[in-house]
Amino acid sequence: MANASGFFTPSIPSLRSRRRIQSPIEIYQTGFYCPEGFSLRVFCSNAAQGSDKLASGSGASSSESRAPRLVSQGCKLVGCGSAVPTLKVSNDDLAKIVDTSDEWISARTGIRNRRVLAGKDSLTTLAVEAGRKALQMAQVDPDDVDLVLMCTSTPEDLFGSAPQIQKGLGCKSNPLAYDITAACSGFVLGLVSAACHIRGAGFQNVLVIGADALSQYVDWTDRSTCILFGDAAGAILVQACDSEEDGLFGFDLHSDGDGQRHLNATIKENEMDNALGSNGSVLDFPPKQSSYSCIKMNGNEVFRFAVRSVPHSIESALEKAGLPRSSIDWLLLHQANQRIIDAVATRLEVPPERVISNLANYGNTSAASIPLALDEAVRSGKVKAGHTIAAAGFGAGLTWGSAIVRWR
């Protein structure tokens, strides 16, 4: 768990030279990495003092309240993109296969439509399209990408989809690409991981993609879960910058394996037609082939978990950043359920007009939901350069986390 707001940077001669750093790595309490031998300066906030300021509502300006962070290297969000499947499935469509209705679904979830992979659509093609749009907005060539992070729980290859995204984008310099699996919290973890690579390893451009196709793991006869999920991809380009332009102010990340029982899609064994063995005994070898079960969720428990944990996580990230609640221009939560979004906003005292939500059109798209919603908000002109966003993801694992960021 990263629980300090102090960020650091190694003294790197020139990021523009694009040289990779080959040196031993150590881990510090800030949650970032430091190559051995580099000069290091770490600044930590006084958590108690920051908490007092937030509680008292003193109205201190950002420049006064923000804790010291990075001294010579920062990172910022400079481009975004998204892509969704062609097939749109409405609540009325679902009412034809399960006992439900548009009114029942929308009243309980806020969802009216969702997109589902079909035909020639694939998760990889969606992720490539989203990533390409982010690069175009940032005016960055694919060959200048240092790292591709594919945040997904539904890769199209057991060993990961990220290298195929790198290939699809045409990154001829063969940058590192790997998957991050953290369900609906995946994108926030990817964003923080991008910052680690930039601050601690001198990377210049990191493409973070959130993409999931949970429709493939839904029991379409179970109306309690099939109404919730959709497929999509969203991407953000995170770029190195001077400390004065730093756009990641603070973050807070957690997990609780005890809550796995409330939301999971576990491995199940496929029964073999003929058990292997002799003299009536059944052998344990060769192993039985396995596959994943459909998504199983205790909706009430997940709701309580989200409404309890997410506001606390955002407040913790704000405290670490030295920022008051009033500094938030937009609240951007994982798009799971409108009731959850509304409850968290109410607890944080964020008015509805400052909450980003596109849940009605896409449903719960897991790791894609935050970058998808941000991309639409940016392209519509709602989110503008300089706006501060409190983003939070939460879901299976259980995992949850938040990040306070500035757009461009």
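Modeller: Confidence comes first. The mean pLDDT of the protein is 85, and 79% of its residues reach 70 or more; pLDDT is the predictor's confidence in each residue, from 0 to 100. Over residues 1-71 the value is below 50, yet this stretch has 140 contacts in the model beyond near neighbours in sequence. A contact here means heavy atoms within 4.5 Å. This is a predicted model: local features need pLDDT of at least 70, side-chain atom pairs count only at pLDDT 80 or more, and totals for chains, interfaces and linings use all residues. Residues are numbered from 1 along each chain as its sequence is written, and side-chain values use heavy atoms, with hydrogens and water left out.

The protein has twelve helices and 18 strands. These are DSSP runs, numbered from the N terminus: helices are H or I with at least four residues, strands are E with at least two. Of the 408 residues, 53% are buried. Buried means under 20% relative accessible area, exposed over 50%, and partly exposed in between, with a 1.4 Å probe and protein chains only. Among contacts between residues at least 6 apart in sequence, 77% join residues at least 24 apart.

Now the cavity. The structure holds three cavities of 30 Å³ or more. On a 1 Å grid over the protein atoms alone, a cavity is a set of points where a 1.4 Å probe fits but cannot get out; a pocket is an open set with protein on both sides within 12 Å along at least five of seven lines; lining residues have an atom within 4 Å of a point. Grid points are joined across faces, edges and corners, and a volume is the space filled by probe spheres set on the points.

The second largest cavity has a volume of about 70 Å³. Its lining is made of Leu77, Phe187, Val188, Leu191, Ile236, Leu332, Ile370, Leu374, Ile389, Ala391 and Val405. Two or more of these residues come from each of helix H7 (186-201), helix H12 (369-379) and strand S17 (388-395). H7 gives the largest share, three residues. Ala, Val, Leu, Ile, Met, Phe, Trp, Tyr, Cys and Pro count as nonpolar, Asp, Glu, Lys and Arg as charged, and the others, Gly among them, as polar.

Take H12 on its own. Nine of its eleven residues are buried. Among them are Ile370 and Leu374, together with Asp375 and Val378. Serine 366 has a positive phi of about 55° although it is not a glycine. Most residues other than glycine have a negative phi, and most peptide bonds are trans. Serine 366 counts as buried, at 2% relative accessibility. After H12 comes glycine 381, with a positive phi near 90°.

For contrast, look at asparagine 174. It also has a positive phi of about 55°. Its place is the loop between helix H6 (162-169) and strand S7 (176-180). Is it buried or exposed? Asparagine 174 counts as exposed, at 61% relative accessibility.

Leucine 398 lies in the loop between S17 and strand S18 (399-406). A cis peptide bond joins glycine 397 to leucine 398, with omega about -10°.

Of its 47 lining residues, the closest to the centre are Phe229, Leu263, Ile295, Met297 and Ala396. Besides S17, the elements giving two or more residues are helix H4 (102-109), helix H8 (223-226), strand S11 (263-264), helix H9 (299-321) and helix H10 (338-348). H9 gives the most, with four residues. The pocket lining divides into 23 nonpolar, 19 polar and five charged residues.

One last stop is asparagine 337, in the loop between strand S15 (330-333) and H10. Asparagine 337 is buried, with a relative accessible area of 14%. Leaving aside neighbours within four places in sequence, it is in contact with Arg108, Thr109 and Leu359. Asparagine 337 and glycine 110 are 227 residues apart in sequence, but 6.5 Å apart in space, C-alpha to C-alpha.
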